[in-house]
Amino acid sequence: MALSIWEILAVFAAGVGAGTINTIVGSGTLITFPVLLATGLPPVTATVSNALGLIPGSISGAIGYRKELAGQRRRIIKLGVGAAIGGLIGATLLLALPSTAFETIVPVLVAMALVLVILQPRISKAVQRRREHTGTEARPDGGPLLFTGLMLASVYGGYFTAAQGIIYLSLMGMLLDDTMQRLNAVKNVLAAIVNSIAALFFLFVAHFDWTAVALIAIGSAIGGQIGAKVGRRLSPTVLRALIVAVGTVAIVQLLLR
C-alpha cells in the first residue's frame with residue numbers, strides 16, 4: 001500500500017513514540033496501532049506489521065538497560081521461556097479468533113495491573129515481613145506463580161501487545177525482591193522475546209505492510225535509546241506514577257475502541 005509523505009512521517013513519529021514509551025513503561029502499541037489503522041491498513045495487517053516493527057525498539061531498549069540486566073541471566077532465561085510459549089499461543093489466537101475476542105477482558109487486566117503497581121510497595125513489605133517471620137528467602141525467579149502469570153500475560157502480548165509491559169511490571173514487582181529499574185530491564189527483554197516469536201510466526205501465515213514495518217522499526221529503535229536514557233533516570237516513585245498514568249490512558253483508549 002502506498003503512503004503519502006504525511007502518512008510516512010506520522011508512522012515514523014509513532015514508531016519513535018512507541019519505542020520510547022515501551023522502554024520506559026509499555027503500551028507503545030496504543031500509539032502506533034491507531035496510526036496504522038488511519039493509513040487504511042486492515043486491523044490484522046496493522047497488528048502483525050506493528051509487532052514486527054517494534055522488535056528493534058524492544059532490543060534497543062534492552063541494550064539501553066544493559067547495566068540493569070547484569071546478573072539476571074538465569075532469571076531472564078527461565079521467564080523468557082514462558083514469554084516465548086505465551087507469545088506463540090497469542091499469535092495463533094490472533095489468526096484464529098475474532099478481533100473482538102480480547103476487547104472485554106483487556107481493560108480489566110490492565111486495571112488490575114495498575115492496582116498491583118500502586119500497591120506494590122506495601123505488598124513487597126508485607127511479603128518481606130512474612131519471609132522474615134517464617135525464615136524463608138525470596139526466589140530469584142519468582143517461582144511457578146510468576147512463570148505462569150508472565151506466560152499468560154504473554155498470550156495477550158502475542159495477540160495485541162498493548163500494555164503488556166505494565167502487566168509484566170506489576171507481576172514481577174509483586175513476586176520479585178528487586179528494584180523497579182532492574183525489573184523494567186527484564187520487562188524490555190521479555191517484550192522483545194514475545195514480539196519476535198509472534199512476528200516469526202506471522203511471517204509464515206500473515207500479510208505484512210513492509211513500508212509500515214520499516215518505518216516503525218527505524219523509529220522504535222531510535223525511541224528505544226531515548227526511552228532508556230530517560231527511564232533509567234526516573235526514581236521508583238516517578239516511574240510508578242508514570243506507569244499508572246500511561247496505564248489509565250491505555251484503559252480509556254481500549255474502552256473507546
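## Close-up views of a predicted model

**View 1. Helix H2 and the glycine after it.** Gly40 follows helix H2 and has a positive phi, near 105 degrees. The structure is a predicted model, in which local features need pLDDT of at least 70, side-chain atom pairs count only at pLDDT 80 or more, and totals for chains, interfaces and linings use all residues. Residues are numbered from 1 along each chain as its sequence is written, and side-chain values use heavy atoms, with hydrogens and water left out. Helices (H or I, at least four residues) are DSSP runs, numbered from the N terminus.

**View 2. The buried residues of helix H2.** Helix H2 spans residues 29-38, and its residues Thr29, Leu30, Thr32, Phe33 and Leu36 are buried. These five residues lie on the same side of H2, because they cover an arc of only 165 degrees around the axis; the arc is that of the directions from the helix axis to the C-beta atoms. Buried denotes under 20% relative accessible area, exposed over 50%, and partly exposed the range in between (1.4 Å probe, protein chains only). An α-helix has 3.6 residues a turn, so residues three or four places apart point the same way.

**View 3. The salt bridge between Arg232 and Glu68.** A salt bridge is defined as a side-chain nitrogen of Lys or Arg within 4 Å of a carboxyl oxygen of Asp or Glu, and by this rule there are three. In the one formed by Arg232 and Glu68, the closest N and O atoms are 3.1 Å apart. Arg232 belongs to the loop between helix H11 (210-231) and helix H12 (236-256), whereas Glu68 belongs to helix H5 (residues 66-69), so the pair ties together parts that are 164 residues apart in sequence. Arg232 is partly exposed, at 33% relative accessibility, while Glu68 is buried, at 12%.

**View 4. The network of Arg75, Asp178 and Arg182.** Salt bridges link Arg75, Asp178 and Arg182 in a network. Between Asp178 and Arg75, the closest N and O atoms are 2.9 Å apart. Asp178 is in the loop between helix H9 (164-175) and helix H10 (180-205), and Arg75 is in helix H6 (residues 73-96), so this pair ties together parts that are 103 residues apart in sequence. Asp178 also meets Arg182 in a salt bridge, at 2.9 Å from N to O. Arg75 is buried, at 11% relative accessibility; Asp178 is partly exposed, at 22%, and Arg182 is partly exposed, at 23%.

Conventions. Helix = DSSP H or I, 4+ residues; strand = E, 2+ residues; numbered from the N terminus.
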